[in-house]
Amino acid sequence: MESIKIERGQVKHLPYHEARMSRSRLELWGIRSPIKLREALQLPSGLPDLVKCRVVYGKHIHSIQFLPYRLNSINSLTLVEAPAINYRQKFVDRTHLKALYESRGQADDILIIKNGWVTDSYYCNVVFARGEQLLTPSYPLLEGTKRALLLEKGQIKSYPITASMIRQFDSIYLINAMIELGACQVPITNISGL
């Protein structure tokens with residue numbers, strides 16, 4: 001599955017989505033030909049200003065949906081240890097992630113720790129802020145398209161971040177294809193389980 005941001009009729013960061021989809025098809029099914037998502041996307045008229053385009057695919061594209069999008073408010077996180085989790089490709093079935101998310105208690109979202117390393121939240125890659133420094137964990141569960149774009153532009157840097165290092169930062173940003181850097185910020189003091 002792939003989630004693509006469409007804002008005011010403009011498809012955002014399509015080459016990053018095509019690259020990830022092509023990489024997944026190669027790893028899962030040995031298909032070497034790149035996927036041509038641009039040819040498959042036919043935007044319907046009358047879309048809202050902000051849309052999440054949900055593409056379900058396997059060896060081929062199975063379905064494309066256009067869903068209105070609204071950013072949920074996330075003000076707190078809780079640490080969740082998941083040593084055996086694997087989420088290299090973005091799947092429709094998120095049962096194992098949902099089970100972790102259900103353990104969040106009073107927090108709005110989770111911050112997943114795998115063998116001591118900070119990875120991602122439930123739906124997002126994360127970026128830690130300390131002054132002007134912006135660092136994203138080197139070992140995400142899923143290499144997100146927004147993360148790839150920000151790394152390529154030099155706006156963030158990859159760094160191996162352990163759970164014990166979290167207190168060194170001021171805040172954490174949640175990012176994904178739909179959420180821009182700065183749109184969702186949580187103070188480190190709002191992370192439980194440290």
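**View 1. Pro83 sits partly exposed, with a relative accessible area of 47%.** "Partly exposed" is the range between buried (under 20% relative accessible area) and exposed (over 50%), using a 1.4 Å probe and protein chains only. This is a predicted model, so local features need pLDDT of at least 70 and side-chain atom pairs count only at pLDDT 80 or more, while totals for chains, interfaces and linings use all residues. Residues are numbered from 1 along each chain as its sequence is written, and side-chain values use heavy atoms, with hydrogens and water left out. You'll find Pro83 in the loop between strand 5 and helix 3. Helices (H or I, at least four residues) and strands (E, at least two) are DSSP runs, numbered from the N terminus. Leaving aside neighbours within four places in sequence, Pro83 is in contact with Ile113, Lys114 and Asn115; contact means heavy atoms within 4.5 Å. From Pro83 to Ser103 you count 20 residues in sequence and 15 Å in space, C-alpha to C-alpha.

**View 2. Here's the largest nonpolar core, with 22 residues.** A nonpolar core is a set of buried Ala, Val, Leu, Ile, Met, Phe, Trp, Tyr and Cys residues joined through side-chain atoms within 4.5 Å. Leu111, Val118, Phe128, Ile166, Ile172, Leu174 and Ile191 touch the most other members. Strand 5 (77–81), strand 6 (109–114), strand 8 and strand 11 each give two or more residues to this core. Zoom in on Val118: beyond its neighbours within four places in sequence, its contacts include Leu111, Phe128, Pro137, Tyr139 and Ile166. Apart from this core lies another, of 12 residues, among them Ala82, Tyr87, Tyr101 and Leu141.

**View 3. Two cysteines, Cys124 and Cys184, have sulfurs 6.4 Å apart.** What is a disulfide? It's a covalent bond between the sulfur atoms of two cysteines. The search counts a pair of cysteine sulfur atoms within 2.5 Å, and across the whole structure it finds 0 disulfides.

**View 4. The largest pocket holds about 630 Å³ of space.** On a 1 Å grid over the protein atoms alone, a pocket is an open set of points where a 1.4 Å probe fits, with protein on both sides within 12 Å along at least five of seven lines; lining residues have an atom within 4 Å of a point. Which residues lie nearest its centre? Of the 32 lining residues, they are Lys52, Tyr122, Tyr123, Cys124 and Asn176. Helix 3 (95–101) and strand 7 (117–121) each supply at least two lining residues.

**View 5. The second largest pocket holds about 260 Å³ of space.** Its lining has 18 residues, with Tyr87, Arg88, Pro140, Leu141 and Leu142 nearest the centre. The largest share of that lining, 4 residues, comes from helix 1.

**View 6. Helix 4 (residues 145–153) has buried residues Thr145, Lys146, Arg147, Leu149 and Leu150.** What covers them? The cover includes strand 1 (2–7), helix 1 (14–29), strand 8 (125–130), strand 9 (133–137), strand 10 (157–159) and strand 11 (171–175). After helix 4 comes Gly154, which has a positive phi, near 80°.

Technical notes
Grid points are joined across faces, edges and corners, and a volume is the space filled by probe spheres set on the points.
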